[in-house]
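Dear colleague,

Please find below the structure I am handing over to you, followed by a summary of what was found in it.

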Amino acid sequence: MTLIIDQATQLRALVQNAKQAAARNRPEPSRRRPVRRASVIAVTSGKGGVGKSNVAVNLAIKLATAGKKVVLLDADLGLANADVLCNVNLPCNLSHVISRKKELSEVMVEGPGGFQLIGGASGLARMADLSDADRYRLVDALAELEERVDVILIDTGAGISPNVLTFTRAADQVLVVTTPEPTAITDAYAVIKVLSRSGFGELTTGGFGEMKNASPGARRRVSLLVNMVRTPGEARVVYERISKVARQFLNVSVDDAGYLCDDDEVQLAVRRRAPFMIASPRCPASQCITQLAMRLQPDIPNTAVEPARGFFERMSRWLRGEGARRTSGVME
């Protein structure tokens, strides 16, 4: 009996020593390897034809040539055209990933300037109206990107459809592109109004939905870029008009992302299927993209960070919440 008790005592001592050794070898929280998380920027617009995709492609090129690991996701599902602007061949696209025919790595191609392009589908009605299950598969396929790159640029569709909101509501910041045309201005404000319901533009203490997990003073930014302007003054008038109304009626601060001038080189580049940042790197439009990249750079982390919640986790949470609202018959 004494022998059994002694063996049990020795066994407990061995287990305790093993736990203490494991605790000593465990890295301190501050010394643990941080998790890289890409900065996610959604480029969107209220209406089509304002040059949103052109801005996204050339911004991707500028950030890539500045040394960032950049992925451009053409999420204009059903009407994707980033591959046309870049003059690259896409044998496969996101539709193949969603249908589980291809892996994400198999549809990703290198774009001009060194960024990686994930192409959407053009002319497919099914892609333009994804089911909740399809969007879940898309989120799962894309989640791995967050820990491998610095910047994920998402070229969304125009408007406020469910597919567009899936991406814009979960992004770190949204760049709204408009032109001086009255209809484009009205639709840009409509997009900002929808984004304000998800906390964009407001000083908060948290991120998506719940405000307790982010650092104090964190703010999910919404910025306005005015495209096809004749003068800087014209762009300023458009920005101040939208900014003033958003602050007064939505209590939202819209950041000034600058402008893109009406440059003949832009249209020539589109016809040649060569992004103007490469075809005409010194043209006025290219200089505007450089200024835009400089405005966005402070929000792009230079080192790996360990955030409270990543983009695709936020997107997944939003999809679950949207599904629950549909089930209960309640919509925003």
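The model is a predicted one. Its largest nonpolar core has 43 residues, and Ile118, Val176 and Ile192 are the ones that touch the most other members. Helix 10 (residues 232–250) gives the most to this core, contributing 6 residues. A second, separate core comprises 41 residues, among them Val50, Leu59, Leu63 and Phe115.

Leaving aside residues up to four places away in sequence, Val176 touches Thr44, Ala188, Val191, Ile192, Leu195, Val222, Ser223, Leu224 and Leu225.

At least two lining residues come from each of helix 2 (52–65), strand 7 (221–229), strand 8 (255–261) and helix 11 (264–272). The largest share, 4 residues, is supplied by helix 11.

Helix 2 is mostly covered, with 12 of its 14 residues buried. Lys52, Asn54, Leu59 and Leu63 are among these buried residues. The length of helix 2 is also consistent: at 1.5 Å a residue its 14 residues should span 20 Å, and its end C-alpha atoms are 20 Å apart, which agrees. Just after helix 2, Gly67 adopts a positive phi of about 100°.

Yours sincerely

Key
Residues numbered from 1 in each chain as written. Predicted model: local features only at pLDDT ≥ 70, side-chain atom pairs only at ≥ 80, totals over all residues. Heavy atoms only, no water. Core = buried A, V, L, I, M, F, W, Y, C linked by side-chain atoms within 4.5 Å. Buried < 20%, exposed > 50% of the residue type's maximum accessible area, 1.4 Å probe, protein only. Contact = heavy atoms within 4.5 Å. Expected span 1.5 Å × (residues − 1).
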